[in-house]
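Hi everyone, thanks for coming. I'd like to walk you through one model this morning, so please have a look at the screen.

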Amino acid sequence: MEKKKIYKEVTSTCSCGATFKTMSTDNIHVEVCSECHPFYTGTQTRASKAGRIEKFNQKYGFKE
Ligand SMILES: [Zn+2]
């Protein structure tokens, strides 16, 4: 008899330390996520991402 997979809401952890809720059969660990993947961030690190936003804010005169 085939074991039925039960999907539940689990907290998956990424290599970058970010955690997020997802639906899976078990807790999962991912190498990249939307927080750290270059495809999403356009940069290699969170630090440079923050720097880029800072420059963006300065360029357009946004204040925190
Ligand atoms: Zn990540």
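Helices (H or I, at least four residues) and strands (E, at least two) are DSSP runs, numbered from the N terminus. What you see is a predicted model, where local features need pLDDT of at least 70 and side-chain atom pairs count only at pLDDT 80 or more, while totals for chains, interfaces and linings use all residues. Residues are numbered from 1 along each chain as its sequence is written.

How confident is the predictor? On pLDDT, its confidence in each residue from 0 to 100, the protein averages 78, and 70% of the residues score at least 70.

Let's take the two pairings in turn. S1 (residues 8-14) and S2 run antiparallel and are joined by six bridges. Along that pairing, Val 10 has Thr 22 as its bridge partner, and Thr 13 stands opposite Thr 19. S1 and S3, on the other hand, run parallel, with two bridges joining them; there, Cys 14 is partnered with Val 30.

Is S2 buried or in the open? A residue is buried if 20 or more other C-beta atoms, placed from the backbone, lie within 10 Å of its own, exposed if 12 or fewer, and partly exposed in between. Of the six residues of S2 (residues 19-24), zero are buried, so the strand lies largely in the open.

Finally, the turn. S1 and S2 form a hairpin with four residues between them, and Gly 17 in the turn has a positive phi of about 100°. Cys 16 is in that loop too, and counts as partly exposed because it has 16 C-beta neighbours inside 10 Å. Leaving aside residues up to four places away in sequence, Cys 16 touches Cys 33, Glu 35 and Cys 36; contact here means C-beta atoms, placed from the backbone, within 7 Å. Val 32 is 16 residues from Cys 16 in sequence, with 7.3 Å between their C-alpha atoms.

Technical notes. Pairing = 2+ DSSP bridges. Contact = placed C-beta atoms within 7 Å. pLDDT = per-residue confidence, 0-100.
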